[in-house]
Amino acid sequence: MAITVHPSFSFSERTTLRMGGSALAEVVLTHTDDCEQLSDILLSLGGEPLVIGRGSNLLAKDGELPVVIVNPAITTEPVCVEETDETVTVHVGAGYRLPRFLNWCAAHGYAGLEGLAGVPGTVGGAVAMNAGSYGCEVVDCLDSVEVFIKKIGTAVFKKTDVVLQYRHFSIPTVNDQPVILSSAFRLYKKDPQKIKKVIDDNLTRKKATQPVSAHSAGCVFKNPAEGVSAGMLLDQCGFKGKIYGGVAFSPLHANFLVNVNNGTSKEAFELLHIAQQTVLDVSGYSLELEVKVIG
């Protein structure tokens with residue numbers, strides 16, 4: 001296999017928010033063996049390496065950004081690697097689409113991740129953000145993760161060796177940003193029809209309360225405290241549906257920033273700053289960004 005290098009990368013075309021400037025290049029990995037060339041290619045391209053999947057949780061600044069995108073598009077099909085009477089361990093590539101993986105799990109009667117129904121992006125991206133929804137988080141089912149680290153190479157870490165917190169993944173023993181190549185999940189056996197019903201119910205609920213078809217990056221702020229919803233605070237401060245230039249907070253859910261009319265990152269950051277300051281003044285809570293800022 002060989003790495004593919006695209007000489008430019010437009011954040012406005014390759015992220016779900018459809019805004020932002022451009023990166024120096026994109027390096028696409030399609031096989032774990034590609035990592036052998038990665039360090040040399042990154043050195044030749046210059047810029048800061050940035051690992052992303054489908055770009056579903058990113059807000060990139062406008063203009064030319066000194067970063068090189070690393071896209072681990074390793075779409076290895078899910079496969080059961082270990083099984084007991086009640087559980088299975090499933091291995092899957094980082095570039096495999098998360099919705100497709102959930103459907104595969106449902107069809108095979110493997111439960112545990114159906115709360116993530118409606119979450120876009122890739123399996124690797126879900127691990128990198130410890131994605132969560134409806135009381136389910138990646139950390140609940142993750143068994144191990146295979147990564148590439150510049151100074152180490154390819155390595156597998158068990159869940160006990162990594163830190164998975166609220167929208168956070170890191171490896172304490174590693175300083176460099178790891179490139180997630182694949183993951184293994186420990187799931188439990190259940191009636192496929194029951195799993196599919198939970199997924200369908202979650203999708204219906206999500207479509208009714210969140211702008212799943214809009215140009216959005218998902219929830220833009222983290223919940224500031226247990227039991228305290230960022231969306232509720234924004235709603236109480238009048239931000240639900242508030243438009244600023246070409247961007248807005250969704251009328252369905254105040255914590256979803258959406259691109260409504262060719263919005264720019266400058267407009268997005270200005271609206272977010274206004275919202276943060278207003279919520280702080282009214283409630284005393286500081287809202288921290290959940291979406292990852294590039295640049």
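**View 1. Just past helix α7, Gly-284 takes a positive phi of about 85 degrees.** This is a predicted model, in which local features need pLDDT of at least 70, side-chain atom pairs count only at pLDDT 80 or more, and totals for chains, interfaces and linings use all residues. Residues are numbered from 1 along each chain as its sequence is written, and side-chain values use heavy atoms, with hydrogens and water left out. Helices (H or I, at least four residues) and strands (E, at least two) are DSSP runs, numbered from the N terminus.

**View 2. Here's α7 itself, residues 265–283.** Its 19 residues, at 1.5 Å a residue, should span 27 Å, and the end C-alpha atoms sit 26 Å apart, which agrees. That expected span is 1.5 Å times one less than the number of residues.

View 3. Ser-265, Ala-268, Leu-271, Leu-272, Ala-275 and Val-279 are buried. They cover an arc of only 125 degrees around the axis, so they sit on the same side of α7; the arc is that of the directions from the helix axis to the C-beta atoms. Over on the other side, Lys-266 and Asp-281 are exposed. Buried means under 20% relative accessible area, exposed over 50% (1.4 Å probe, protein chains only). Among what covers the buried residues are α6 (230–236) and β21 (256–259).

**View 4. Helix α2 spans residues 35–45.** Cys-35, Leu-38, Ile-41 and Leu-42 are its buried residues. Looking down the axis of α2, they fall within an arc of 100 degrees, so they line one face of the helix. Glu-36, Asp-40, Leu-43 and Ser-44, on the other side, are exposed. Just after α2 comes Gly-46, with a positive phi of about 75 degrees.

Key. Contact = heavy atoms within 4.5 Å.
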